[in-house]
Amino acid sequence: MTAQPAEVADKAAHPDEVSRAHHSLRRAIMHGDLRAGDPLSQVELARQLGVSRGPLREALRILQREGFVQQESQHRARVAAFSDEDLDELYAMRISLESLAIGIAVPRMSEEHLQGLDQLLQEMDDTASTGDVEQWECPHEKFHRALVHPSGPRLERELALLSDHATRYRMAFVSWNPLEWQAGTSEQHRTIAEAVKARDASAAAHALAAHLGRTALVVLSMASPMYEPVRVRRALAAACGP
């Protein structure tokens with residue numbers, strides 16, 4: 001039998017530990033429990049998560065590939081830093097790809113899928129009344145993913161990752177009352193859903209691009225008021241017209 005490298009054997013022996021460590025660290029980074037630029041101690045993280053060092057290292061490698069972690073050396077890593085340009089590029093990509101994906105998805109959606117959008121909108125309204133931002137984020141995330149299903153598995157995977165990065169920025173920089181944020185986006189979400197249910201792919205794409213553009217400009221204004229979001233504005237012009 002051919003001997004496996006230690007790290008491969010460790011990963012194969014503990015897939016659940018890799019998954020658990022990856023999920024826990026990803027969530028902590030997205031929601032700001034681990035902040036941008038924070039150093040990541042493998043010893044401390046392994047202790048906190050109750051996993052061995054091999055699965056933890058594999059989880060960190062996955063997070064590095066996803067863009068949530070920056071590796072500085074073999075044994076040193078830190079949470080990926082924020083930057084104005086990264087935020088600008090991130091939302092420009094979401095605007096371009098998500099408006100493309102919804103246009104592809106709308107004609108393919110089943111009636112059951114369309115009814116599910118109303119249910120998610122209701123869940124967003126219900127959770128908004130609790131004031132729990134993380135609870136609201138769950139149906140909000142599902143809503144955006146439902147808008148682009150079934151556009152294609154590669155598009156959906158890429159958009160899910162971009163959405164998670166956007167959540168990380170939004171949670172870090174939108175500092176006023178979360179209920180104000182939710183109220184401000186509620187009508188935008190309903191406009192998108194109505195276009196989807198009318199099977200108007202073009203209107204849905206425009207409404208979604210405009211919603212993402214408004215979100216991007218709000219978050220960018222909070223993160224860096226003097227920064228000019230050239231990429232976002234060009235993506236909006238391409239998706240919605242000048």
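**Ground rules.** I am working with a predicted model, in which local features need pLDDT of at least 70 and side-chain atom pairs count only at pLDDT 80 or more, while totals for chains, interfaces and linings use all residues. I number residues from 1 along each chain as its sequence is written, and I take side-chain values from heavy atoms, with hydrogens and water left out.

**Sheet.** I noted an open sheet of three strands in the order β1-β3-β2, with antiparallel pairing; strands here are DSSP runs of E of at least two residues, helices are runs of H or I of at least four residues, and both are numbered from the N terminus. Two strands count as paired if DSSP finds at least two bridges between them. The edge strands are β1 (39–40) and β2 (69–71), each of which pairs on one side only. I then checked the contact between β1 and strand β3 (residues 77–79), where two bridges join the antiparallel strands.

**Salt bridges.** I counted 19 salt bridges, taking as the criterion a side-chain nitrogen of Lys or Arg within 4 Å of a carboxyl oxygen of Asp or Glu.

I looked at arginine 27 and glutamate 134, which form a salt bridge with the closest N and O atoms 2.5 Å apart. This pair links distant parts of the chain, since arginine 27 lies in helix α2 (residues 15–30) and glutamate 134 in helix α7 (residues 133–147), 107 residues apart. For accessibility I used relative accessible area, with buried meaning under 20%, exposed over 50% and partly exposed in between (1.4 Å probe, protein chains only). Arginine 27 is partly exposed at 38%, and glutamate 134 is also partly exposed, at 31%.

I next recorded the salt bridge between arginine 76 and glutamate 72, whose closest N and O atoms are 3.5 Å apart; glutamate 72 is partly exposed, with a relative accessible area of 43%.

Are the partners glutamate 98 and arginine 94 buried or exposed? Their side chains meet in a salt bridge at 3.0 Å, N to O, and I found glutamate 98 buried at 2% relative accessibility and arginine 94 buried at 3%. Both residues lie in helix α5 (residues 84–105), four residues apart, about one turn of the helix.

Finally, I noted that salt bridges with shared partners join Arg26, Glu66, Glu141, Arg145 and Asp164 into one network.
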